[in-house]
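Here is a short briefing on one model.

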Amino acid sequence: MNSDGNLKSGNLVFQKQTVMKVDAAAIAHNVGVIRNKIGSARLIAVVKENGYGMGLEREYRILKEQNIDFYAVTNAEEAYALRRFGCKEDILLMSPSYDAEEAGTLLQNDIIFMLGSMKQAVVLKTAADETGLTPRVHIAIETGMGRYGFLWNQIPDLTMLPSYLKIEGCYSHLNGKPSGYEKEAKLQLSRLLAAADTLKKQGIDPGIRHICNSAATMSLGTLGLDAVRCGSAIIGKCARGGSSLKDSVWLEAPICQIDELPKGSTIGYQACAVLKRDSRLGLVRAGHGDGIMLGYADNPEPLLHGIIHLLAVKLLPKRYQKTVLVTSLLTGQKKRVPYVGRSGVAHIMIDLTDTGFEEGDIVTFHINPLFVHPSIRKELV
């Protein structure tokens, strides 16, 4: 792979017709919206998972133009890559390093560590002794995510840490509980603040405090803390409170074939669609394999909710009909048209009946870029 996550042409065993479009101006707009929301608090730009799928170097270059001075990643390789790209700004690694050699390399690259266990503190002490450098850390506090960090009400005696570590912050991670979202966020906030007070009682300055992710930032602001961590909001994909943001990443693919099919024809896998009229259908070589029609949910809906949803889809088909935007290359006309049948791994059918769209016209898909196949070409617009 090259630096932005695309497969080199010599390694491709298949070719995608889809292109990921990245709108730098939309990202700049979103950064401005976030900054207006948080005031003087510090913005930590989360660029995990290869820059949210758009390419880590590409996102870094765009954000550098917006004077972002603090980044967060979730693995050591991303941190090293940012340094190779010339990043001299602060970088927080939001996962623990338990290997002394890796910790030493991170230390030599001036990466800020998350510290969430005494086991990790021992590793950092070893790395400090071997390199002669002082690790910079943000102390991770477990307040309800169950992932990393010292349990908020069981903070051990950390009074020795400042003798070989530089503590610059403390933070936690919101779990995003959908029912009672604000109440749960404020509960976790109170736990983080209690942990910070415990640190103070031990004579430790907790430094800058942060807990808000994109959804919390856009809906609740900073919650009175010193910084926020935003990733999805920066690219306009925020799950909550993001109405003022602009979508900055999408997929485009051409209509590769148009067919006239008679009323009664079955379309797609399981013949789940039956044409109710003579139709003009467009075939697009794009599907689940490109990252289209994929989402976050990894559990089935609760039974009752699922039944209600299925009934709603049957009773209100137009409301729940999935559509895509098509743009004519000849006239510039734009129109939303519906999917027909189920999406496949590599193909999607769309209804072009009563439209003038032709082969080669462009179909736009709004996607979660984290699920986009890495072989897909990426272009700035």
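The second largest pocket holds about 1,100 Å³ of space. A pocket here is an open set of points on a 1 Å grid over the protein atoms alone, where a 1.4 Å probe fits, with protein on both sides within 12 Å along at least five of seven lines. Its volume is the space filled by probe spheres set on the points, which are joined across faces, edges and corners. This is a predicted model: local features need pLDDT of at least 70, side-chain atom pairs count only at pLDDT 80 or more, and totals for chains, interfaces and linings use all residues. Residues are numbered from 1 along each chain as its sequence is written, and side-chain values use heavy atoms, with hydrogens and water left out.

**Pocket lining**
- The second largest pocket is lined by 37 residues, where lining means having an atom within 4 Å of a point.
- K48, M145, H173, L174 and N213 lie nearest the centre of this pocket.
- Helix 2 (48-52), strand 6 (136-142), helix 8 (214-220) and strand 10 (227-230) each give two or more residues to the lining.
- Helices (H or I, at least four residues) and strands (E, at least two) are DSSP runs, numbered from the N terminus.
- By class, the lining has 18 nonpolar, 12 polar and 7 charged residues. Nonpolar covers Ala, Val, Leu, Ile, Met, Phe, Trp, Tyr, Cys and Pro; charged covers Asp, Glu, Lys and Arg; the others, Gly among them, are polar.

**Helix 6**
- Helix 6 (residues 118-131) has 14 residues and should span 20 Å at 1.5 Å a residue; its end C-alpha atoms are 20 Å apart, which agrees. The expected span is 1.5 Å times one less than the number of residues.
- Q120, A121, V123, L124, A127 and A128 are the buried residues of helix 6 (buried: under 20% relative accessible area; exposed: over 50%; partly exposed: in between; 1.4 Å probe, protein chains only).
- They cover an arc of only 160° around the axis, so they sit on the same side of helix 6. The arc is that of the directions from the helix axis to the C-beta atoms.
- K119, V122, D129 and E130 are exposed on the other side of helix 6.

**Cysteines**
- The count is 0 disulfides, a disulfide being a pair of cysteine sulfur atoms within 2.5 Å.
- The sulfur of C238 is 7.5 Å from the closest cysteine sulfur, in C230, too far for a bond.
- C238 counts as buried because its relative accessibility is 16%.

**Residue pairs**
- G344 lies in the loop between strand 16 (334-338) and strand 17 (348-351). The C-alpha atoms of G344 and G287 are separated by 5.4 Å, yet 57 residues apart along the chain.
- I38 belongs to helix 1 (residues 24-38).
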